[in-house]
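Let's walk through this one together, beginning at the ligand and then moving out to the loops and a helix. Have the model open and follow along.

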Amino acid sequence: MSFRYSPSENIALLRESATIAVSQRAKALKAEGRTIVDMGAGEPDFDTPLFIREAAAKAMHAGATRYTATEGILPLREAVAAYTRSYGPLAADVVAQDVVISNGSKQSIFNACFVLFGPGDEVLVPTPSWTSYYEIVQLARATPVEVYGSRERDLKVTVEDCERAATPRTRGIMLNSPCNPTGAVYSPDELRALLELAHRRGWWVLSDEIYRRIAYNGAAVSALQVAPSRENLIVIDGVAKAWAMTGWRVGWTVAPREVTRAMTAFQSHATFHTAAMAQHGAVAALVNRDEADRAISEMVAQYRTRRDAGLAVFATAPDLPIVRPDGAFYFYVDVSAACPGDPDAGTTFAKRLLEELGVAVVPGVAFKTPDWIRLSYASPEADVVEGVRQVVALWSRMRAASGSLAVAGG
Ligand SMILES: Cc1ncc(COP(=O)(O)O)c(C=O)c1O
């Protein structure tokens, strides 16, 4: 008997995460001895604050090595509920029973999509968006519907954009502010308008707030601060980015009670729960507010310095279109003028940038906008400056070359 694998229908449309593919290629080049400036990974380069690591170690030594409740340990769910209540009146009644702790906010998004959407359902995905939204919605056998934001609005979507894309099958909308990959932040009014639309139209809202604490013009608002109601609202957050805890795998949802129950039941058969000691670390991260706020402010100050240093280099190429990021830690850059006529300019550009100049970035095709590339500035300032310098240099060189070709070709 010989076995030949063919993918099941469940994953018929699945593609490997393009962001991970780039960082793997960058790692392979590093292993060959090349010096690589890695602006691909969407991961803080800071260590998790010491007080959090110590709390987790202490918990582990005290026996936090066994299974926990599916939905997470009670002290963590209570800490998340208290943290969420501080958002304001709409969150005032959030309690531990509204919270499910998962293996990173990625699983929280998966849980929510899986229990809310199914075949025939359409989910609006403001585009560009984080690559996994499209895949996760498809894994739930629903259809992601790309809603493109205009350049004048930093690629953010409006009520009109969403209304144009909606059909009677629309069941939900993904929101993400600050946005990966653009760094754009929705103003309170912009977010409120989208939330009111979703409420009016009976759509579920999945508000992914993983970058909320990383913002440069004052805090980015949570959906819970501007929504008309939380009856159709699933807020997703976690410790990965702001607390520099990517590897701990702790994310959560704050959702209506029945959705919470469904996600708990689903998770009980999927991953069960995230690591016990990681949950204890996350309790320390949320309960020690002052210490955590200090650590987060220091990291955000550094991201801001790096952003400003990168923007200063971009300013030397005023024709190169970029979104000015007000949050998260990404530059989103339209490189199409360097590759005229190329339907996947971002990939062409990113390949040359990595292979010739040793700078890793993510092609915009991963975010359904192939003219663009994403640079992460969660790296030391010198690397950010060098990486942006190379992007600008390659873009100028390729644009000049394509311009002269166009002239030569008439
Ligand atoms: C928009 C967005 N949401 C969620 C995640 C996942 O974060 P976590 O590490 O909590 O799973 C990421 C990670 O890159 C992200 O960019």
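By class, how many nonpolar, polar and charged residues does the shell around the ligand have? There are five nonpolar, four polar and four charged ones, where Ala, Val, Leu, Ile, Met, Phe, Trp, Tyr, Cys and Pro count as nonpolar, Asp, Glu, Lys and Arg as charged, and the others, Gly among them, as polar. Before going on, bear in mind that this is a predicted model: local features need pLDDT of at least 70, side-chain atom pairs count only at pLDDT 80 or more, and totals for chains, interfaces and linings use all residues. Residues are numbered from 1 along each chain as its sequence is written, and side-chain values use heavy atoms, with hydrogens and water left out.

Back to the ligand. It is surrounded by 13 residues, and the closest are S105, N180, D208, K241 and R249; a residue belongs here if one of its heavy atoms lies within 4 Å of the ligand. Helix α4 (residues 104-116) gives the largest share of this shell, with three residues. Helices here are DSSP runs (H or I, at least four residues), strands are runs of E with at least two, and both are numbered from the N terminus.

Now zoom in on the polar contacts, meaning pairs of N or O atoms within 3.5 Å; within protein, one must be able to donate a hydrogen and the other to accept it, and residues adjacent in sequence count only if both atoms are side-chain atoms. D208 puts a polar side-chain atom 2.6 Å from a nitrogen atom of the ligand. The side chain of N180 has an N or O atom 2.7 Å from a ligand oxygen, and for the side chain of Y211 the distance to an oxygen atom of the ligand is 2.8 Å. The protein covers 92% of the 400 Å² of accessible area that the ligand has on its own (Shrake-Rupley method, 1.4 Å probe; for residues, only the protein chains shown count as cover).

Next, the loops. Between β5 (170-176) and α7 (188-201) you'll find P178, which is joined to S177 by a cis peptide bond with omega about -10°. T182 is in the loop between β5 and α7 too. Is T182 buried or exposed? T182 counts as buried because its relative accessibility is 2%; buried means under 20% relative accessible area, exposed over 50%, and partly exposed in between (1.4 Å probe, protein chains only). A polar atom of the T182 side chain lies 3.1 Å from the backbone nitrogen of A184.

Another cis peptide bond joins T127 and P128, with omega about 10°. P128 is in the loop between β3 (122-127) and α5 (131-139), which leads us to that helix. α5 is mostly covered, with seven of its nine residues buried: T131, S132, Y133, Y134, E135, I136 and V137. After α5 comes R141, with a positive phi near 65°.

L155, in the loop between β4 (143-148) and α6 (159-165), has a phi of about 70° although it is not a glycine. L155 counts as buried because its relative accessibility is 11%. A244, found in the loop between β7 (233-238) and β8 (251-254), has a positive phi near 55°, and A244 is not a glycine either. At 6% relative accessibility, A244 counts as buried.
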